[in-house]
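Please review the briefing below alongside the sequence and the three-dimensional view.

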Amino acid sequence: MPFLISPVLTAGALAGHPQPTLPADGGLVLRPWREADAPAVYEVFQDPLMHQWHARSADSVAEVRDWIRTWHRAWEGEREAHWAVADAESGALLGRVALRELRLDDGTAEVAYWTVPEARGRGVAARATTALTHWALDVTGFHRLELLHAVRNEASCRVAARTGFGLEGTKRSAIMQPDGWHDMHLHARVRGD
């Protein structure tokens, strides 16, 4: 049965090109992950705050290297797109920003991010999210980006607000975290916002 509408993005919209490096304000760069980033990512995942808002932990640097290889394959399969957020001058890892739950036909994805402890409170997540949002909506042609965070995660709520993701509602008891079920705020931006 034929569709009555055309896909927003077609296969190859991402994987047909190498994953780009994206500039961000304030001396940041979003770049593809490198295996050499694994020790720094492992250290971030030892932080108790990461355990509060993420369901995943890292038991070894080797495990994180596997994550990085999986992130590269996710780009190639157009399932997800993950970037390291780094200081453009020093190259120091400051965080991660990603598009998850890619649905090219619908032109939708979910934005995710985290920052290293030393970078928190410096606007890194907001600047990285702004750069990624511009690339996804204005350059690549996605139509809608969603951003979900635990209702109690006030820092993530501030990032969503600062980057123009309007609050659309609350998904009750939507995500299981180590301390139980969490209600999640749903924020979104659409092309043209």
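This is a predicted model: local features need pLDDT of at least 70, side-chain atom pairs count only at pLDDT 80 or more; totals for chains, interfaces and linings use all residues.

Residues are numbered from 1 along each chain as its sequence is written, and side-chain values use heavy atoms, with hydrogens and water left out.

**Overall architecture**

- The chain contains five helices and eight strands; helices (H or I, at least four residues) and strands (E, at least two) are DSSP runs, numbered from the N terminus.
- Read from the N terminus, the order of elements is β-β-α-α-α-β-β-β-α-β-α-β-β.
- The radius of gyration of the chain is 16 Å, which agrees with the value near 16 Å for a compact globule of 193 residues; this radius is taken over C-alpha atoms, and the globule rule is 2.2 Å times the number of residues to the power 0.38.
- Along the principal axes, the C-alpha atoms fill a box of roughly 50 × 40 × 35 Å.
- Among contacts (heavy atoms within 4.5 Å) with a separation of 6 or more, 60% are between residues 24 or more positions apart.

**Burial and surface**

- Of the 193 residues, 45% count as buried; buried means under 20% relative accessible area, exposed over 50%, and partly exposed in between (1.4 Å probe, protein chains only).
- The chain exposes about 10,200 Å², of which carbon and sulfur atoms supply 52%; accessible areas come from the Shrake-Rupley method with a 1.4 Å probe, and for residues only the protein chains shown count as cover.

**Helix α4**

- Helix α4 spans residues 124-140, and its 17 residues reach 22 Å from the first C-alpha to the last, close to the 24 Å expected at 1.5 Å a residue; the expected span is 1.5 Å times one less than the number of residues.
- Twelve of the 17 residues of α4 are buried, so the helix is largely enclosed by the rest of the structure.
- The buried residues of α4 include V124, L132, W135 and L137.

- Most residues other than glycine have a negative phi.
- E78, not a glycine, has a positive phi of about 55 degrees; E78 lies in the loop between α3 (61-76) and β3 (81-87) and is buried, with a relative accessible area of 12%.
- E101, not a glycine, also has a positive phi of about 55 degrees; E101 is found in strand β4 (residues 93-103) and is exposed, with a relative accessible area of 54%.
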